[in-house]
Amino acid sequence: MSQRSTRKEEHLALTQMFFNAENSNSFDQVRLLRPALPETVVDRELLAVNWFGKQLSAPFFINAMTGGSEKSKQINQSLGYVAAKAKLAMALGSASILTKEASQLESFYVAREANPDGLLFANVNPLTPAASVKEIVKELEADALQIHLNVAQEIAMPEGDRDFRWLERLKEIREAVSVPIVIKEVGSGLDPISIRQLQAAGFEWFDIGGAGGTNFSQIENSRRQSQIPYLNDLGLPTALAALLAHPLTDKLIVSGGVRNALDVFKGLALGGKFVGVANSFLHFLLQHGQEELYLEIESWKDQLAALMALYGQTDIEHVQVPVYLASELKNDYEQLKQL
């Protein structure tokens, strides 16, 4: 394998090594006020949403994970199958490797082959040449594009980028492609200052990718001879990032450490239109296989429908539940909300 493909395989292994479904995160500091008299019924049909012209069964989706190696090809094929069967959107992992290794196209395209009619996102880094991004979107038959921002990961990565003058490159990509674009953080949280800067540049959709799930600084640190451990703790927690972003945009995706259907519901209550799930699904897939992952996702839908009824909600696109915060999260939010 090439160095890039080897790194992809290392990321997959380390992601699973560090995964712990019992870890607490900022979602645990978000409390929801439940009505004793909700006047609702449990109805899974209420979960149906339309996103970028595609009809989906639920507002949570399979977020970007992998691609660019033989192992990731198998994973993307299985995830594509599950996405099709469950009628969920799916985002591929970074396809920027294709600018150097076109032979790895199939490790991404298998997801489209398995899910020919579903909503599929391509994913690239900001330094991918705009013309290459246009070709990647075309080759993958992608309906939309994620551009990931991962400065902390690159700093920790032994062979990572050191040029973060990205905004003009983002604009060039936007001009080159015709599909919708989502700007996505990858585990360190998207801050409100950057969201405003991106909005001024013409971007509309944002995936906050907060801290609390996969920690890519930790992963890259484990690959270094001389580690920089403090990078592991510099992320903006998911719930805090969502609280700060919600007043700025109604095109918000909440992701980062989503572990269960209650976290999905909290993500919607915090202002997310959609909620991205990555490592929880990946770990389940690797442990139990694609059919069991499909059944797990169907169980999440049942639970989400029950939570909608429990909290008196009838509109999945406008979940409005009174939210109150544990003291640590409340204090952090009070300090940052004026940014």
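I call a residue buried under 20% relative accessible area, exposed over 50% and partly exposed in between, with a 1.4 Å probe and protein chains only. I am working on a predicted model, where local features need pLDDT of at least 70, side-chain atom pairs count only at pLDDT 80 or more, and totals for chains, interfaces and linings use all residues. Residues are numbered from 1 along each chain as its sequence is written, and side-chain values use heavy atoms, with hydrogens and water left out.

**Aromatic rings**

I looked up Trp 51 and found it buried, at a relative accessible area of 2%. I then searched for ring pairs (rings of Phe, Tyr and Trp, the latter by its six-membered ring, with centres within 6.5 Å; planes under 30 degrees apart are stacked, over 60 edge-to-face, the rest tilted). The count came to 14 aromatic pairs. Trp 51 and Phe 52 are stacked, at 5.4 Å centre to centre and 25 degrees between the planes. Phe 52 is partly exposed, at 26%.

Trp 51 also stacks with Phe 274, at 3.8 Å and 10 degrees. This pair links distant parts of the chain, 223 residues apart: Trp 51 is in strand E2 (residues 49–51) and Phe 274 in strand E11 (residues 274–277). I noted strands as DSSP runs of at least two residues (E) and helices as runs of at least four (H or I), numbered from the N terminus. Phe 274 is buried, as is Trp 51.

**Ser 78**

I located Ser 78 in helix H2 (residues 70–86). Ser 78 is buried, at 16%. Leaving out residues up to four places away in sequence, I found that Ser 78 touches Leu 285 and Gln 290 (contact means heavy atoms within 4.5 Å).
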